[in-house]
Amino acid sequence: MIDGLVMEFKDYYKILGVNRDANEKEIKRSYQKLARKYHPDVSQQADAEERFKELGEAYNVLKDPEKRAAYDQLGPNWQQGQEFRPPPGWDTGFEFRGAGAGADSRGFSDFFETLFGRGFDASQRATGLRGRGEDHHAKVLIDLADTYAGAMRTISLQAPELDEHGRVRMRSRSLNVRIPKGVKPGQQVRLTGQGGPGLGGGPSGDLYLEVVFRPHPFYRIEGRDVHLRLPVTPWEAALGATVKAPTPAGPVELSIPAGSSGGTRLRLRGRGIPDKQPGDLYVELQIALPPADSDQAREIYQNMEHELGFNPRSEMEAKA
Amino acid sequence: MSQNDPAVVKGLIIDDEVLLTLEEICHACSVEATYIVELVEEGVLEPRRHGELADQWRFPGTSLRRARMALRLQRDLQVNLAGVALTLELLEEIESLRSGLPER
């Protein structure tokens, strides 16, 4: 136990949405339901990863009768997030089997570690093939522009490591990584030899970075292609025009053919994500109407109504 | 490799032109080969040269992400193999719908 450390109390019952007297079945059911909802591979919520980790931690404690009993010893009056200092000798009389925390407890909170210790699955390393170090995984967040030009990122990594006494500690290090040009969402970038250290003189494992793109306000990426919705005026669409359009590689002069309509797509070949076979940039035209917010503007619309005699629903009416 | 190596590390993009061996996939996922073989048998992963001996399989690079997602779903949500296969397909469909224009 770490002395004098102040941390936030975690209300595991609240996190799992169960009462303090919930039985094992109820706890399991509630965990499964919430785990499906917040699983980072499935959920689109921004805080899904955090929530899922918290759920795992809460379930790790409450599904285990020994840990749950020890946790319940703390009493029911603590609030989620309250400043917590473990009472002296709170865990006397409890014995945890094996490593206590369990193998899957990496990344659990300080609160958890203080109560149950830090788990580490030493056996996992031992299974590595030919003494090669473990492969590690991390995510790296980049902008669309980064894949057009390539980019440098300094990433901070934390990995558990055994010290000379066989105890686990977290080792932090930072790596300067060149993000290769042409990387696409969800792709992995392999950094050879940057994973866990090898065993018995074996080579180090690799580090895999999963590339995640920061959402962009107007570009969307689909494979190697990039999509953009470009607002144009009715007269630009009808009469044709040359307009300035943004692209991830910088603005271009885009010629809008006369007679375009809303939803018309223009393809800018080779202006998608660069690659041996570069992607394309698709520009979808969106007609923006000028507001009729002055007498003059209203008059122009009224003139159009009278002069053009345009009925956009004529085809529908013919079929109805 | 020192504690704080200031040197710049260059990475290799694991796209479908990079072919991974069964051993590389297993090592990257920290699992025994049987798990990966199961995913192949369920059709979740499709190695080139399927049908030959497992150690001659070559997986297109994007298999790694699928394999890791599949293993996480199995481990975290106790989804069975058929469920994993279905979930991955639905997730891919959602992804392509979200990325905007559905028509190609």
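Me: Let's begin with the open sheet of 4 strands in chain A. What order are the strands in?
Reply: The order is β8-β9-β13-β12 in chain A, and the pairing is mixed. Bear in mind throughout that this is a predicted model.

Me: Which strands stand at the edges?
Reply: β8 (219-222) and β12 (265-268) of chain A do. Each has a single partner strand, so one side of each has no neighbour in the sheet. On average, neighbouring strands here are turned by 25° against each other, ignoring direction.

Me: And β9 with β13, parallel or antiparallel?
Reply: Parallel: β9 (residues 225-232) and β13 (residues 281-287) of chain A pair over 7 bridges. If you want a spot to look at, His227(A) has Tyr282(A) in β13(A) as its bridge partner.

Me: Switching to β10 and β11 in chain A. In what sense do those two pair?
Reply: Antiparallel, over 5 bridges, with β10 covering residues 241-245. The two strands form a hairpin with 6 residues between them. In the turn, Gly250(A) has a positive phi of about 120°.

Me: Which residues of β11(A) are on the covered face, and which on the uncovered one?
Reply: Val252(A), Leu254(A) and Ile256(A) make up the covered face of β11(A) (residues 252-256), while Glu253(A) and Ser255(A) are on the uncovered one. Glu253(A) is also the bridge partner of Lys244(A).

Me: How does β3(A) split into faces?
Reply: β3(A) spans residues 136-142, with His136(A), Ala138(A), Val140(A) and Ile142(A) on the covered face. The uncovered face has His137(A), Lys139(A) and Leu141(A).

Me: What's the pairing between β3(A) and β7(A)?
Reply: They pair in the parallel sense over 7 bridges. Ile142(A), from the covered face of β3(A), stands opposite Phe213(A) in β7(A).

Me: Is Asp135(A) buried or exposed?
Reply: Buried, with a relative accessible area of 4%. Arg132(A) is buried too, at 18%, since the cut-off for buried is under 20%.

Me: Which residue of chain B does Glu210(A) form a salt bridge with?
Reply: Arg65(B), with the closest N and O atoms 3.6 Å apart. That pair crosses between chains, from strand β7 (residues 207-213) of chain A to helix α3 (residues 63-77) of chain B.

Me: Where do the two partners fall, buried or partly exposed?
Reply: Glu210(A) is buried, with a relative accessible area of 13%. Arg65(B) is partly exposed, with 22%.

Me: What about the salt bridge of Arg75(B), which residue does its side chain meet?
Reply: Asp76(B), with 2.8 Å from N to O. Arg75(B) counts as exposed at 57% relative accessibility, whereas Asp76(B) counts as buried at 11%.

Me: While we're on chain B, how many helices and strands does its secondary structure come to?
Reply: 4 helices and 4 strands. Along the sequence, the pattern is β-β-β-α-α-β-α-α. Chain B has 104 residues, and 41% of them count as buried.

Me: What's the mean pLDDT of chain B?
Reply: The mean is 84, and 87% of the residues in chain B reach 70 or more.

Me: Last topic, back to chain A. Which residues form the nonpolar patch on the surface?
Reply: Ile300(A), Met304(A), Leu308(A) and Phe310(A), with about 460 Å² of accessible area together.

Me: Where is Met304(A) found?
Reply: In helix α9 of chain A, which covers residues 295-308. Met304(A) is partly exposed, with a relative accessible area of 39%.

Conventions. Residues are numbered from 1 along each chain as its sequence is written. Chains are lettered from A and ligands numbered from 1 in the order in which they are written. This is a predicted model: local features need pLDDT of at least 70, side-chain atom pairs count only at pLDDT 80 or more; totals for chains, interfaces and linings use all residues. Side-chain values use heavy atoms; hydrogens and water are left out. Patches are made of residues with over 30% relative accessible area and no salt bridge: like charges are joined within 9 Å, nonpolar side chains (Val, Leu, Ile, Met, Phe, Trp, Tyr) within 5 Å. Accessible areas come from the Shrake-Rupley method with a 1.4 Å probe; for residues, only the protein chains shown count as cover. A salt bridge is a side-chain nitrogen of Lys or Arg within 4 Å of a carboxyl oxygen of Asp or Glu. Buried means under 20% relative accessible area, exposed over 50%, partly exposed in between (1.4 Å probe, protein chains only). Two strands pair if DSSP finds at least two bridges between them. Axes are lines fitted to C-alpha atoms, for helices over the stretch in contact, and angles run from 0 to 180 degrees between N-to-C directions. pLDDT is the predictor's confidence in each residue, from 0 to 100.
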